[in-house]
Amino acid sequence: MAARPPPSAAEAYRPNRFVSLPAELDPNTYDGSPEKRRVEAERLAIRARLKRQYQLQLNNPNPPAVIEDPALLRWAHARTLNVYPTFRPTPKTSFLGALFALGPLLFWAVVFKVDRDRREKLIQEGKYKRPFSVF
């Protein structure tokens, strides 16, 4: 019969009356469901495969000109090209969208209106001669 492996640090930890139990070790704060553990194991397997692939490229005696890190490529793709599936409209993003879409239009409309009113006032006072116009 095989010997049982030594207990992990989490299993060996016992709470102290002077120090509270860390949230990571408190069974009331984490979900130990088999489904969650399976998903976490899949993520760790993907990370291990990506790390191994990168290490093989890095330690290749005849390396390619550019060593591509697949994890970095996936991250860059998710960050730049795949925005809309992860975008959540919030009041802040709605305000910023309206500000960047309508702000410049309103700014230039006000600037042109103020300039036109100032010039029209000068023309009526006779201090500015209206330039030649075809119309």
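The paragraphs below lead through the confidence of this predicted model, its salt bridges and a nonpolar patch on its surface.

Because the model is predicted, local features need pLDDT of at least 70 and side-chain atom pairs count only at pLDDT 80 or more, while totals for chains, interfaces and linings use all residues. Residues are numbered from 1 along each chain as its sequence is written, and side-chain values use heavy atoms, with hydrogens and water left out.

The chain has a mean pLDDT of 83, with 86% of its residues at 70 or more; pLDDT is the predictor's confidence in each residue, from 0 to 100. Among the elements of the chain, the lowest mean pLDDT, 67, belongs to helix H1 (residues 9–12), and the highest, 95, to H4. Helices here are DSSP runs (H or I, at least four residues), numbered from the N terminus.

Seven salt bridges are present in the structure, each defined as a side-chain nitrogen of Lys or Arg within 4 Å of a carboxyl oxygen of Asp or Glu. In one of them, the side chains of Arg 38 and Glu 35 meet at 2.6 Å, N to O. These two residues are three apart in helix H2 (residues 34–58), so about one helical turn separates them. Arg 38 is partly exposed at 40% relative accessibility, and Glu 35 is partly exposed as well, at 47%, where buried means under 20% relative accessible area, exposed over 50%, and partly exposed in between (1.4 Å probe, protein chains only). A network of salt bridges links Glu 35 and Arg 38 with Glu 42.

Helix H4 holds another pair, Arg 119 and Asp 115, which are four residues apart, about one turn of the helix. Their closest N and O atoms are 3.3 Å apart in a salt bridge; Arg 119 is partly exposed at 34% relative accessibility, and Asp 115 is partly exposed at 27%. Glu 120 forms a salt bridge with Arg 130, with 3.6 Å between the closest N and O atoms. This pair links distant parts of the chain, since Glu 120 lies in helix H4 and Arg 130 in the segment after H4, 10 residues apart. Glu 120 is partly exposed, at 32% relative accessibility.

Phe 95 also lies in helix H4 (residues 91–125) and is exposed, with a relative accessible area of 53%. Together with Leu 96, Leu 99 and Phe 100, Phe 95 makes a nonpolar surface patch of about 430 Å². Patches are made of residues with over 30% relative accessible area and no salt bridge, like charges being joined within 9 Å and nonpolar side chains (Val, Leu, Ile, Met, Phe, Trp, Tyr) within 5 Å. Accessible areas come from the Shrake-Rupley method with a 1.4 Å probe, and for residues only the protein chains shown count as cover.
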